[in-house]
Every structure is written in structure tokens, then in C-alpha cells.
Amino acid sequence: MKCRNHPAKDAIGSCTICGVSLCEDCAVKVDRSIYCESDVDSVFRPTPM
Ligand SMILES: [Zn+2]
Ligand SMILES: [Zn+2]
């Protein structure tokens with residue numbers, strides 16, 4: 001399984017929300033779950049600046 005964004009990199013897991021394969025650079029780990037960057041924003045909205 002390869003990262004969706006980096007075809008040369010092995011994925012370490014898949015996004016909990018949308019299921020895309022993510023490498024360690026793309027995966028956002030929260031607790032024991034993995035999210036892609038776009039989904040982690042919608043799940044854990046950072047406080048507006
Ligand atoms: Zn996702
Ligand atoms: Zn990647």
C-alpha cells in the first residue's frame with residue numbers, strides 16, 4: 001500500500017474518515033486514529049486566528 005500523495009512511499013495507515021492511504025508525512029495522528037490533512041481540519045477545527 002502506497003501513499004496517495006507520494007506513490008514512492010509506503011503508507012503507514014489510512015484515514016479514518018475517507019480511507020485514503022497515507023504515509024508518515026501525510027498522516028495526522030490524533031490519539032490512535034489517523035486522518036488526512038483535509039479531514040483532520042473538519043474533525044478538529046483549530047481555533048480561528
Ligand atoms: Zn481523509
Ligand atoms: Zn505522503
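This is a predicted model: local features need pLDDT of at least 70, side-chain atom pairs count only at pLDDT 80 or more; totals for chains, interfaces and linings use all residues.

Let me next describe the chain itself. Its secondary structure consists of four strands and one helix. Read from the N terminus, the order of the elements is β-β-β-β-α. Taken along the principal axes, the C-alpha atoms fill a box of roughly 35 × 20 × 15 Å. The chain has 49 residues, of which 18% count as buried. As for contacts with a separation of 6 or more, residues 24 or more positions apart account for 3% of them.

I turn now to confidence. The average pLDDT of the chain is 92, and 94% of the residues score at least 70. Among the elements, strand β2, residues 21–22, has the highest mean pLDDT, at 98. The lowest mean, 88, belongs to helix α1, residues 37–43.

With that background, let us return to D10. Is this residue buried or exposed? D10 counts as exposed because it has 11 C-beta neighbours inside 10 Å, and the cut-off for exposed residues is 12 or fewer.

Which residues does D10 touch, leaving aside those up to four places away in sequence? They are M1, K2 and C23. D41, by comparison, is 31 residues from D10 in sequence, and their C-alpha atoms are 23 Å apart in space.

That concludes my presentation.

Notes
Residues are numbered from 1 along each chain as its sequence is written. Chains are lettered from A and ligands numbered from 1 in the order in which they are written. A residue is buried if 20 or more other C-beta atoms lie within 10 Å of its own, exposed if 12 or fewer, and partly exposed in between; C-beta atoms are placed from the backbone. Two residues are in contact if their C-beta atoms, placed from the backbone, lie within 7 Å. Helices (H or I, at least four residues) and strands (E, at least two) are DSSP runs, numbered from the N terminus. pLDDT is the predictor's confidence in each residue, from 0 to 100.
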